[in-house]
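These are my notebook entries on a structure that I consulted. They begin with a single residue and then turn to the chain.

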Amino acid sequence: MKKVSVGILGCGAIAPAYLKNLRGPLAGTVEVVACADTVAANAAKCAGEFGGSRTVAPDVLLADPQVELVVNLTPAPAHHATSLSVLRAGKHLFSEKPLALTREQGREILALAAARGLQVGGAADTFLGAATKLCRTMIDAGRIGTPVAAQIMIGARLFHSERYHEVFRGALLDLGPYYLTALVALLGPVRRVGGAAEIRFREKPHAAGTPGAGTTFKVDIPTSVSAALDLADGSVASLVASCDTQSNLRHFEIFGTEGSLVVPDNNRYTGTVVHRRAGGEEWFEEAPGFGELGRGLGVAEMAVAIRGQRAPRASGALMFHVLDTMLAVHDSSAAGRHVVLGSTAARPEPFDYASLPAADAARRP
């Protein structure tokens with residue numbers, strides 16, 4: 001296939017994780033032609049470290065007719081405005097998670113893309129990796145019987161980080177997309193949400209030894225939440241996400257009538273899968289396929305989708321459904337009742353990493 005020309009917009013901490021793979025094992029699908037950031041030095045650093053792309057200002061990137069797909073790696077509060085500018089420039093959009101911070105913003109992004117005939121995709125795309133694909137294969141093959149329930153625990157040891165609260169918006173909106181997207185990919189969409197999400201700590205202290213030590217910062221979001229999720233297939237799930245504890249525990253397990261699956265940390269593409277059943281456990285240390293520790297697999301799959309004139313598997317509709325689910329946790333808690341979701345998303349088809357065009361003659365395993 002003809003490679004899709006890509007521009008990176010936002011060259012902060014996560015950008016190298018994308019460029020490592022897009023300029024490496026995924027280079028058979030895309031060509032990164034430009035890096036842009038409001039801080040020019042950040043863009044220059046990324047372009048220089050990984051080579052092969054120009055350093056330009058954001059408006060120059062958006063005006064460049066060569067760029068077909070823009071990867072929006074700006075901070076979460078900037079996703080909405082940046083994504084709209086990408087679509088108004090006539091570019092396909094791949095956005096870091098979450099899609100936006102409100103449903104209204106998410107709908108506006110998807111509506112503009114539809115009106116312009118453009119595709120929207122984005123993180124969390126880790127469900128495309130080898131480990132979650134193996135779990136999907138085992139579930140579809142009946143290895144755990146009929147799925148009944150799932151349990152997700154997400155911990156982020158960031159109690160004292162003001163930036164985490166203001167920019168990443170807490171563990172649910174920051175890390176929740178990885179696990180909820182995988183849940184939809186494995187079991188299907190969420191139908192109804194019951195949530196507990198109080199703002200327990202209205203102020204938090206800066207950590208000792210930091211410039212702000214001895215002072216506090218205000219907290220305007222629930223930082224520990226619990227949710228009961230009813231899925232469209234009849235199964236149920238529980239989710240706890242917190243950045244208030246000293247635990248970085250990430251646990252995801254799906255229980256069926258004949259066994260269970262421990263799904264690896266969905267903040268990564270790979271990891272150990274554990275199949276538990278009567279009589280013992282079976283461990284799968286490394287599933288064959290994409291196992292890189294960086295990011296970018298969803299960009300490569302989206303490039304193939306663009307050339308095939310179809311929606312990407314990590315689609316805007318899937319991102320919006322996950323956003324809708326997370327916001328419903330807050331809404332349910334505030335209203336004191338369940339919230340029936342107004343959105344849904346198709347369970348994405350399994351993805352074969354080996355189907356991607358090779359980056360070079362030395363084909364990936």
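**Entry 1: T216**

I looked up T216 and found it partly exposed, because its relative accessible area is 44%; buried means under 20%, exposed over 50% and partly exposed in between, with a 1.4 Å probe and protein chains only. I note that this is a predicted model, in which local features need pLDDT of at least 70, side-chain atom pairs count only at pLDDT 80 or more, and totals for chains, interfaces and linings use all residues. Residues are numbered from 1 along each chain as its sequence is written, and side-chain values use heavy atoms, with hydrogens and water left out.

I placed T216 in strand β10, residues 216-218 (strands are DSSP runs of E, at least two residues, and helices are runs of H or I, at least four, numbered from the N terminus). Neighbours within four places in sequence aside, I found T216 in contact (heavy atoms within 4.5 Å) with E203, K204, P205 and H206.

**Entry 2: the core**

I then turned to the largest nonpolar core, which has 106 residues (buried Ala, Val, Leu, Ile, Met, Phe, Trp, Tyr and Cys joined through side-chain atoms within 4.5 Å). Its largest share, 13 residues, comes from helix α8, residues 170-187. L229 is among the residues with the most contacts inside this core; L180, L183 and V190 are among those it touches.

**Entry 3: the chain**

I recorded ten helices and 17 strands. Buried residues make up 53% of the 365 residues.
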